[in-house]
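Let's take a friendly walk through one protein fold. Have a look at the picture first, and then we will go through some of its parts together.

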Amino acid sequence: MNGNVREVNFDGLVGPTHNYSGLAHGNVASMSHGGLVSNPKEGALQGLLKMKSLMDAGYAQGVLPPQQRPDVGALRDLGFSGSNSDVLNRAAKEAPQLLRAVCSASSMWTANAGTVTPSVDAPDRRVHFTPANLQSSFHRYLEPQTTGRVLQAIFHDEQHFAHHPVLPATPAFSDEGAANHTRLCGEHGEPGVHLFVYGRQAFGDVRSGEREPKRFPARQTLEASQAVARQHGLTDAQTVFAQQHPDAIDAGVFHNDVIAVGNGPVLLYHEMAFLDEARTLDELRSKMSTPLIPVRVSLDAVSMEDAVASYLFNSQLLSNPDGTMTLVVPSECQERDAVWRTIQDFILAGNNPISDVVVKDVKQSMRNGGGPACLRLRVALSEAERAALTGRVLMNDALYGDLTAWVNRHYRDRLAADDLADPKLATEVLTALDELTQLLKVGSVYPFQLG
């Protein structure tokens with residue numbers, strides 16, 4: 001056990017082109033809010049305020065920069081030519097859905113950035129990273145290259161960090177990152193068991209009892225989860241592979257982190273989270289060195305509709321020094337009586353370490369289908385590993401002030417679909433991102449900076 005290991009939550013900055021285009025098929029919130037006018041400035045400030053408040057409460061907090069958007073290079077690859085203004089205007093007229101896709105600010109949900117294995121679990125005692133290929137949707141498929149450069153820039157020291165290639169961007173290896181991965185353990189510095197949740201199997205004989213969703217696509221494959229585990233050197237004794245319940249996917253649970261959240265030995269989950277709930281729990285219990293603490297919310301207590309609308313299970317579950325845990329929920333949880341009653345009368349009152357609930361307003365993100373847990377990538381780091389980070393990415397008062405001022409200087413407070421073709425917006429974004437990389441001291445990570 002390494003007692004100086006702390007879990008750092010790296011939140012993604014909401015990008016300057018944050019908009020509501022309804023791009024994510026199977027994400028009920030994204031689909032239902034498509035076409036609304038967004039407020040990128042408010043979204044970024046809401047995210048920063050969440051980071052600041054958790055930092056003030058004593059939690060280790062980091063920040064990751066957004067992607068370069070609009071991705072004019074992607075439009076050029078698809079046959080649009082001329083000046084940047086020409087490319088944007090032609091795309092707006094001929095293929096507005098492509099323009100919306102290359103302007104997506106979906107990288108704010110860094111739970112999809114990749115999968116992380118802490119050094120205590122890795123055979124070479126380094127922290128391992130695999131960026132997710134996100135091949136199931138075009139607007140997210142554009143992210144992995146820049147994500148990989150950002151992760152390699154920040155976690156640069158080869159003595160402490162190892163980076164793996166993105167999995168092949170094919171349906172068989174569809175990978176959505178840490179949104180379908182949960183590490184369960186005692187303390188963060190103790191060896192853990194990695195729960196990989198998948199929606200479908202691509203190759204071979206389908207496991208007994210498995211079936212696929214009928215309404216919405218399953219975004220994670222068993223084969224992708226297994227490949228990431230192999231890349232990181234995880235053994236059978238360290239891994240559990242469980243199928244997500246297809247009926248949950250059809251209800252709008254596009255990632256496992258919309259129906260379950262784990263921290264330490266606690267697994268807070270809805271009864272519809274796993275297709276084979278009993279087998280999943282039994283295997284976790286058999287492989288964990290610390291007793292599993294399951295906190296099961298029944299369908300009678302919280303309907304699938306309420307679970308998806310409130311994002312109760314897309315909350316952050318954080319460890320406190322006294323052994324208790326705090327649940328950070330979106331404000332939508334207060335707006336659903338059954339959900340709020342379950343939090344107060346069952347979760348907080350139950351025989352588990354969850355002792356406190358904190359409510360956060362992240363409505364700009366929630367309308368696009370991402371709650372508090374979507375906004376962060378969890379990285380367990382020792383004191384030496386934290387010291388080895390490159391750049392200015394660990395949140396403190398000075399960084400919060402600088403980032404807030406940066407947002408106020410560069411972000412618009414209103415963005416409609418028609419604004420995405422504005423060449424001034426593209427110029428504004430490049431100016432902002434160039435300044436941001438200097439502010440964060442991460443070097444050149446964006447395509448425009450690399451020529």
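Contact here means that heavy atoms lie within 4.5 Å of each other. This is a predicted model, in which local features need pLDDT of at least 70, side-chain atom pairs count only at pLDDT 80 or more, and totals for chains, interfaces and linings use all residues. Residues are numbered from 1 along each chain as its sequence is written, and side-chain values use heavy atoms, with hydrogens and water left out.

**A buried proline**

Let's begin with Pro-330, which is found in strand β13. Helices (H or I, at least four residues) and strands (E, at least two) are DSSP runs, numbered from the N terminus. Is Pro-330 buried or exposed? Buried means under 20% relative accessible area, exposed over 50%, and partly exposed in between, using a 1.4 Å probe and protein chains only. Pro-330 has a relative accessible area of 0%, so it counts as buried. Leaving aside neighbours within four places in sequence, the residues in contact with Pro-330 include Ser-310, Tyr-311, Val-359 and Met-366. Leu-49 is 281 residues away from Pro-330 along the chain, and their C-alpha atoms are separated by 13 Å.

**The sheet around β13**

Strands of a sheet pair through backbone hydrogen bonds, either parallel or antiparallel. In this report, two strands pair if DSSP finds at least two bridges between them. Strand β13 belongs to an open sheet of three strands, ordered β12-β13-β14, with mixed pairing. At its edges are β12 (316-319) and β14 (354-360), each pairing on one side only. On average, neighbouring strands of this sheet are turned by 25 degrees against each other, direction ignored. Strand β13 (residues 325-330) runs parallel to β14, and six bridges join them.

For their angles, axes are lines fitted to C-alpha atoms, for helices over the stretch in contact, and angles run from 0 to 180 degrees between N-to-C directions. Helix α2 (residues 40-56) lies across β12, β13 and β14 and runs at about 20 degrees to β12. Helix α12 lies across β13 and β14, at about 160 degrees to β14.

**A second sheet**

Helix α12 (residues 337-347) also lies across β10 and β11, running at about 140 degrees to β11. These strands are part of another open sheet of three strands, in the order β9-β10-β11, again with mixed pairing. Why is one side of β9 and of β11 left without a neighbour in the sheet? Because β9 (260-263) and β11 (293-297) stand at the edges, each has a single partner strand. The twist averages 10 degrees from one strand to the next. Strand β9 pairs with β10 (residues 266-270) in the antiparallel sense over four bridges, and Gly-262 stands opposite Leu-267 in β10. Helix α10 (residues 277-287) packs on the sheet, touching β10 and β11, and its direction makes about 175 degrees with that of β10.

**Helices side by side**

Two packed helices are described by the angle between their axes and the distance between the axes.

| Helix pair | Angle between axes | Distance between axes |
|---|---|---|
| α15 (397-410) and α16 (423-440) | about 170 degrees | 11 Å |
| α2 and α15 | about 175 degrees | 10 Å |

Angles under 35 degrees count as roughly parallel, over 145 as roughly antiparallel, 65 to 115 as roughly perpendicular and the rest as oblique. Helices α15 and α16 are therefore roughly antiparallel to each other. Among the residues that meet are Leu-399 and Trp-406 in α15, and Leu-433 and Leu-436 in α16.

Residues of α2 including Leu-45, Leu-48 and Leu-49 meet residues of α15, among them Tyr-400, Leu-403 and Val-407.

**A mostly covered helix**

Our last stop is helix α8 (residues 222-231), where seven of its 10 residues are buried. Among these buried residues are Leu-222, Glu-223 and Val-228. The buried residues of α8 pack against β3 (114-117), β4 (127-131), β7 (193-198) and β8 (239-243). Just after α8, Gly-233 takes a positive phi of about 75 degrees.
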